[in-house]
Amino acid sequence: MKLPELKIGKYTAKVPIIQGGMSIRVSTSSLASAVAECGGIGTIGGVGLSIEELQADIRKAKAMTKGIVSINIMFAVRNFMEMVKASIEAGVDMIATGAGFSRDIFKVGKDAGVPIISIVSSPEFGKLAERSGADAIVVEAKEAGGHLGTDRALRDLFPEVRKVVKKVPLIAAGGISTGRDIAEMIGKFGADGVQMATRFVMTKECDVADAFKQVYLNARQEDIVLIKSPVGLPGRAIRNPFVDRYLGGGEIVDGCSDACLKNCGHEFCIANRLVMARDGDTKDGLFFSGENVWTIKDIPTVRELFDRLVSEAEAYYEPTPVVP
Ligand SMILES: Cc1cc2nc3c(=O)[nH]c(=O)nc-3n(C[C@H](O)[C@H](O)[C@H](O)COP(=O)(O)O)c2cc1C
């Protein structure tokens, strides 16, 4: 059965798939515009870009597609509101935000006519986001890559948030990598859409170094671990010499050049470690990834991936929500 469209504010995505934002130039205009061209929502990871780079990449993406381009900005960064306003000025279609909760962003979005997507990991924050004016809500569970706000599994957490979020689209995220997962989350769990990130790193259009994709390809299930991030949240990453040293209690001596976070634990410099990973330093970089990375064994184009995901999802999809 055909998958439903995903409506967020004044926008309608023909395919209910959001490509999750991945900062430090993992998801840039190249990936986001390819996803938008396929009818999904493509997201640029905003953190790690200067204001000029951020605006240039949004404009580049918008020139490459007539589809929907979003930006992800973590609330934890010091210049959060400056990035929000700069993104709006550059013509972004939507803004997604997580890693903390901004109450101020909703009015800014409403005034500019730009829908705001809140990323939450509990029913309490789901309710708060809806009440505060979010135009859509992403429920991100423990299977996700990057910073995590919960240790609860998606199929356990999602129904609880579904019960309390009634008015705006609710999107499931964390560990989704196949069409069958998509059909299950939308058909059985009553999600209005899904957000996927790790699966999209493994596409031709994702801009990371080839060595980054090889780290994903070679990852085994036992290599996926949680580390304490300087952001103050756990982060899901792939074991490598840097992670082993850190988890083993070894000393990490990283300088801090630009105080990018509102509150930094200074265990190491997260920005530099993520840049190293992005540029392919397999020993010293920090490779964020979702829990199911080890199941992904190919690197298709975004178009090939979309065709596969949609045809598999539509083969399984039946709207039979378990939660009324
Ligand atoms: C490499 C990587 C970087 C990420 N960076 C961010 C980020 O900057 N902001 C954010 O809100 N989420 C970030 N995420 C989370 C994703 O946007 C997405 O919600 C999550 O990974 C979904 O789970 P999946 O990867 O299993 O599909 C990141 C995920 C990965 C894998």
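What percentage of contacts in the protein chain between residues at least 6 apart in sequence join residues at least 24 apart?

## Model and overall fold

The share is 64%, where a contact requires C-beta atoms, placed from the backbone, to lie within 7 Å. The model is predicted, with local features needing pLDDT of at least 70 and side-chain atom pairs counted only at pLDDT 80 or more, whereas totals for chains, interfaces and linings use all residues. Residues are numbered from 1 along each chain as its sequence is written.

The protein chain holds 12 helices and 13 strands, which are DSSP runs numbered from the N terminus (helices H or I, at least four residues; strands E, at least two). Its radius of gyration of 18 Å agrees with the value near 20 Å that a compact globule of 324 residues would have, the radius being taken over C-alpha atoms and the rule being 2.2 Å times the number of residues to the power 0.38.

Three strands form an open antiparallel sheet in the order 9-13-12, pairing being assigned if DSSP finds at least two bridges between two strands. Strand 9 (146–147) and strand 12 (224–228) each have a single partner strand, so one side of each is left without a neighbour in the sheet. Strand 12 pairs with strand 13 (residues 234–238) over five bridges in the antiparallel sense, and Val225 stands opposite Ala237 in strand 13.

## A helix pair

Helix 1 (residues 29–37) packs against helix 2 (residues 51–64) at an angle of about 30°, with the axes 9 Å apart. The contact involves Ser29, Ala32 and Ser33 of helix 1, together with Asp57, Lys60, Ala61 and Met64 of helix 2.

How values were computed
Contact = placed C-beta atoms within 7 Å. Axes fitted to C-alpha atoms, helices over the stretch in contact; angles between N-to-C directions.
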